Amino acid sequence: MILELDRVTRRFGSVTAVDRLSLAIQEGEFVTLLGPSGCGKTTALRLIAGFEVPDEGRVLFRGQDLARRSPQARGFGMVFQNYALFPHLNVFENVAFGLKSRGSPRELVADRVRASLSRVDLEGYGDRAVQALSGGQQQRVALARALAIEPPLLLLDEPLSNLDQALRIQTRTELRALVKELGITALFVTHDQEEAFDLSDRIAVMQAGRLRQIGSPQELYREPADRFVAGFVGRANLLPAQVEDASGDGSLQVRTAGGALWPVSGSDPGDTPAPGSKGTLLVRPEELRFGGDGEDGALEGVVEDRRFRGAVTHYRVQVPGLVLEVADSARGPDRGARVRLLPRPDARLRFFPGEGGAPDDGGAPGEGGAT
Amino acid sequence: MSRKTSLWLLLPVFGLLVWLVLYPHLFVLGDSLWIDGALSLDGYRTFFTTRAELEALWGSVWISLGSVFLSALIGIPLAFLFTRFDFPGRTVFGALAALPVLLPPLVGVIAFLFLYGESGIFTRVVQAVLGLERPPWRLVGGWAILLVHAYSMYVYFYLFTAAGLARLDGAATEAAESLGASRWRIFWRVTLPMLSPSLMAASVLVFMTSMASFSAPYIFGGGFRVLTTQIFNSKMSGELTMAMVETVVLASASLLFLWILQRFERNREFAAVGKGVSAPRREIRSRLARILVPALGVGGVFVLLLPHLTLVLVSFVPEGAWTIQILPTRYTLDNYRALFSSPQLWTPVLNSLQMATLATAANLVFCFVVAYLLVRGRFRGKGSLLTLTMLPWALPGTVIAIALATTFSAHEPWFGRVLLVGSFWILPLAYFIRNIPLVAQAAVASFRQYDPELDEAAHSLGASWFTTMRRVAAPLVLPGLMAGGLLAWVAALGEFVSSILLYTHRSRPISIEILSQLRAFDFGAAAALGVVLAALMTVVFALGGRYVRGGLAGGRGVAATSGNPPPS
């Protein structure tokens, strides 16, 4: 275990930015803190870097408490959102800054800087002024600067958010490849779910200072722990629903808004909600299909709009009181067609007990997704 | 703006600048070379062979360099103290430390006199404590001037450093920390280099203000010579050619040093980009520092403001009630009562209000047009328009006054000369000219922030030219322009340097009356006038503060870019 957070809390006045956050990161892992803005993810990163001191709880590095260790002594490399390059120093001097601060001998500094710059494809840029570089190049200088000190842990605070879309996608592929090649443990902060999916071995979803769930991208998508994670990670239809029938093995029959009775499998057998309890049903767009006329248990609606996206086509279907998103092939119904929606046979619908019918903090159906 | 409109606005603006700014100075240059109806370098030959004149030149230069050094020594640590550490009273004392920037230098100088002068309160305390027969020092000569300068000009370093620190990207410091740099190394290698533009700007400002400084050398100089007082003496004793030569030398020296200093200034902005978190204020951890830091800050500010407190105290002392005692013995409202009832004291206040308002109104209109031309106009020769606009900034008030006094002393319309000397209009004219750069800079800054696309957006939404001006341009440009106007008005209200060379008895401003009360040893009346002046300025700033702050907050701010040396 290279890094461990043990019930770490940080308050700013009356706001609890990070609330009893516990987290453990393995050596060599790429972990992302994902959450909406203001969820405390950057504060968590700054607590690890040492720029903030926890009010409660401990930050452990290889089992040692970091409480009394200054950021300087921690030696974690950090890449900042706006890069924080020193404007009065050129590219070489920026990358060399950390090494010189440690008093490395001159030849070693030159070698390491050169190596570090070539890793990010910036050989020969040493003499340039940092202001003369493009955004993408500045970002790479910031990365090279952090890597030059050969940190055991690399902290990245939304480093890609100032790049344009195409460059952002390219850079994150390169970033993951580089981090994996060097075998560095990395902790990345972002609010972009797609970015988190592309980069991470594991993702920690945060909301209002708390950790909601940590797991691989697949786990988060397939088995979200709660309605917030369900709505924040991936596209989701969240329907108000009520349990009709529960069996001993944890499978349920759920009555959705609009009156359809759909099966839900795989909820925790020990904690099966009682019949009659209300909650929210998660159906991913690709788990819905257009059914035939004779099929039972369908939600009836009208296709409001369809958008062609290559591999799939997204349909917005208006059912009474709701709009649902369906992902299907381009051969589906036209705009204005009356359709019947059913879960696919292999669908794994999830039910989250709790009042409040309509999804509140998880975003409206179809939101929070990979648009 | 079309080329044609540009030209129609440009001609009168350019003409006025050439006539009022450039021509008088060329006139002085001509007069310095034109002796007894023939071209001659005799004036300069005399200047550069007379010991006293060279002393004055050297005095001006070293006092200015020394002032930069000492002001930095006070202002920079103070700024760090108040921006980087958190302690009770930080906000209040931090604001108080900037207060002297509002006060006219003459008022600061007499306040200093009451406290540290030969018969000042502090001097007498030291004398009494040590049991000396004579005052322990006489506040006279180069060192006295230097001290007064440091005392009043630290504010520039304080404000510029604080502004620089606020703009500084906190992430840069954190990046350095995460790379393992020690605090010491971060300060020297990151913070200071990134602050260098601010420090350079403050240095230029202090240097130019010191070169132009008149009140401090005039009152504390004694036998010590600087160029400004030398010019004044030559002019008063009727050695006109010498006065012209000295004026040319002072102007050239100022311009030369300005040029040198600005070549040093690397034109780089190290401001935060994007979501910059400004450096967090540190809570003080160690117990010793927890006492020491606030004590230094609060104590420092108290010492710096002591002269001004003294001024208020002395303003309540009736005539003759303070002779040999340490502290005055009686306090009454007599001085204020006299001020509002005696025309002798009240007329100058009205004069100053009237003349400052006139000059500022002219500044607002004129500089709005100039800024419009500089930012939006399309014509060749923008550079020379800018130079003409900013020229009065680089020229000491004494130089401008001499130029006006020389040029507008005769009625020769064909040579562009009108008789203004001895009339009411000469002072408002001088104030107007001296404040052109300040107001123009403020207006230019506002126009720069104002994206022309906003006009286009308004037009595309169907707004007429007039509606666009009223609903878009005016709200966006006015705050900055008004901020500049306020500063100009305040500067004109307390103006002394040009006034002393140009005033007539009937239209004498407050500063001149303060001086004559001081000469008559009526310290109370002089102090009361000073307090009224300071109070007027404070009230105006309090009322107009919204504008000033709005104007300053937008972009890089008026104070940070313009830096008009106040009349000194």
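User: What makes strand β14 of chain A count as mostly covered?

Analyst: Five of the six residues in β14(A), residues 278-283, are buried. Buried means 20 or more other C-beta atoms within 10 Å of the residue's own, with C-beta atoms placed from the backbone; exposed means 12 or fewer, and partly exposed lies in between. This is a predicted model: local features need pLDDT of at least 70, side-chain atom pairs count only at pLDDT 80 or more, and totals for chains, interfaces and linings use all residues. Residues are numbered from 1 along each chain as its sequence is written, while chains are lettered from A and ligands numbered from 1 in the order in which they are written.

User: Why is β14(A) called a strand?

Analyst: A strand is a DSSP run of E with at least two residues, numbered from the N terminus. β14(A) has six residues, so it qualifies.

User: How do you know that β11(A) and β14(A) pair?

Analyst: Pairing takes at least two bridges found by DSSP between two strands. β11(A), residues 237-246, and β14(A) have six, so they pair, in the antiparallel sense. Among the partners are Q242(A) with K278(A) and N237(A) with V283(A).

User: Which strand is joined to β14(A) by four bridges?

Analyst: That is β20(A), residues 350-353, running antiparallel to β14(A). There, G279(A) has P353(A) as its bridge partner.

User: What joins β11(A) to β12(A)?

Analyst: Five bridges do, and the strands run antiparallel. A241(A) is bridged to T256(A). In their hairpin, with five residues between the strands, G250(A) takes a positive phi near 95 degrees.
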